[in-house]
Amino acid sequence: MVSVVNLVLMGALIVLHTLIAAVMTRFFRLRLNTRWGSVLYALFLIPLVLFVSTLVFSGVFSIGVDLGSPTAALGVMIGMPLALGFTIDTLYVPPPEEYENLPNSR
């Protein structure tokens with residue numbers, strides 16, 4: 001049986017994963033000036049961090065509910081926050097070119 005506490009903790013974990021994905025996307029956009037690097041970074045490094053976080057929180061701390069299959073768990077805990085974080089950073093946060101006082105990258 002699913003408890004309300006587990007649902008709330010899982011929702012908080014999804015919000016945390018979305019925040020992690022948005023911050024990591026923003027960091028990359030501010031630091032590097034490549035086109036394909038952002039795609040590779042978004043498709044490989046961010047999901048790896050979210051996967052490790054999912055393993056820690058769901059394995060060690062037993063946070064979350066049984067979603068029935070590993071595919072559903074990966075979609076909810078990694079795919080959805082990755083898409084939301086990337087969308088939030090891309091659409092709702094001004095691009096790095098609009099800031100005037102950024103430090104020069106070497």
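Read from the N terminus, the elements of the protein follow the order α-α-α. The structure is a predicted model, in which local features need pLDDT of at least 70 and side-chain atom pairs count only at pLDDT 80 or more, whereas totals for chains, interfaces and linings use all residues. Residues are numbered from 1 along each chain as its sequence is written, and side-chain values use heavy atoms, with hydrogens and water left out.

**The whole chain**

Begin with the entire protein in a cartoon view. Its secondary structure amounts to three helices and zero strands; helices (H or I, at least four residues) and strands (E, at least two) are DSSP runs, numbered from the N terminus. The C-alpha trace spans about 55 × 25 × 20 Å along its principal axes. Of the 106 residues, 25% count as buried, where buried means under 20% relative accessible area, exposed over 50%, and partly exposed in between (1.4 Å probe, protein chains only). A contact is defined by heavy atoms within 4.5 Å. Among contacts between residues at least 6 apart in sequence, 78% join residues at least 24 apart.

Two packed helices are described by the angle between their axes and the distance between the axes. Axes are lines fitted to C-alpha atoms, for helices over the stretch in contact, and angles run from 0 to 180 degrees between N-to-C directions.

Select residues 4-31, which form helix 1, and residues 36-60, which form helix 2; their axes come within 10 Å and cross at roughly 150°. Helix 1 is therefore roughly antiparallel to helix 2. Angles under 35 degrees count as roughly parallel, over 145 as roughly antiparallel, 65 to 115 as roughly perpendicular and the rest as oblique. The crossing of helix 1 past helix 2 is right-handed; a crossing is left-handed if the near helix is turned anticlockwise from the far one by less than a right angle, and right-handed if clockwise.

Now show the side chains at this contact. Helix 1 contributes residues including L13, H17, I20 and M24, and helix 2 contributes residues including Y41, V49, S53 and F57. By class, this contact has 13 nonpolar, six polar and no charged residues. Here Ala, Val, Leu, Ile, Met, Phe, Trp, Tyr, Cys and Pro count as nonpolar, Asp, Glu, Lys and Arg as charged, and the others, Gly among them, as polar.

**Two residues of helix 2**

Select S53, which lies in helix 2. Is S53 buried or exposed? S53 is buried, with a relative accessible area of 11%. Leaving aside residues up to four places away in sequence, S53 touches L13 and H17.

V49 is partly exposed, with a relative accessible area of 31%. Which residues does V49 touch, not counting residues up to four places away in sequence? They are I20 and M24.

**The salt bridge**

Side chains of opposite charge can pair when their charged atoms come close. A salt bridge is a side-chain nitrogen of Lys or Arg within 4 Å of a carboxyl oxygen of Asp or Glu. How many salt bridges does a search of the whole structure find? The search finds one. Select R26 and D89: they form a salt bridge, the closest N and O atoms being 2.8 Å apart. The pair links distant parts of the chain, with R26 in helix 1 and D89 in helix 3 (residues 70-92), 63 residues apart. Both R26 and D89 are buried.

**Helix 2 with helix 3**

Finally, select helix 2 and helix 3. They pack at an angle of about 135°, with their axes 10 Å apart, and are therefore oblique to each other. Their crossing is right-handed. The contact is made by A42, I46, P47, L50, F51 and T54 of helix 2 and L74, M77, I78 and L82 of helix 3. This contact has nine nonpolar, one polar and no charged residues.
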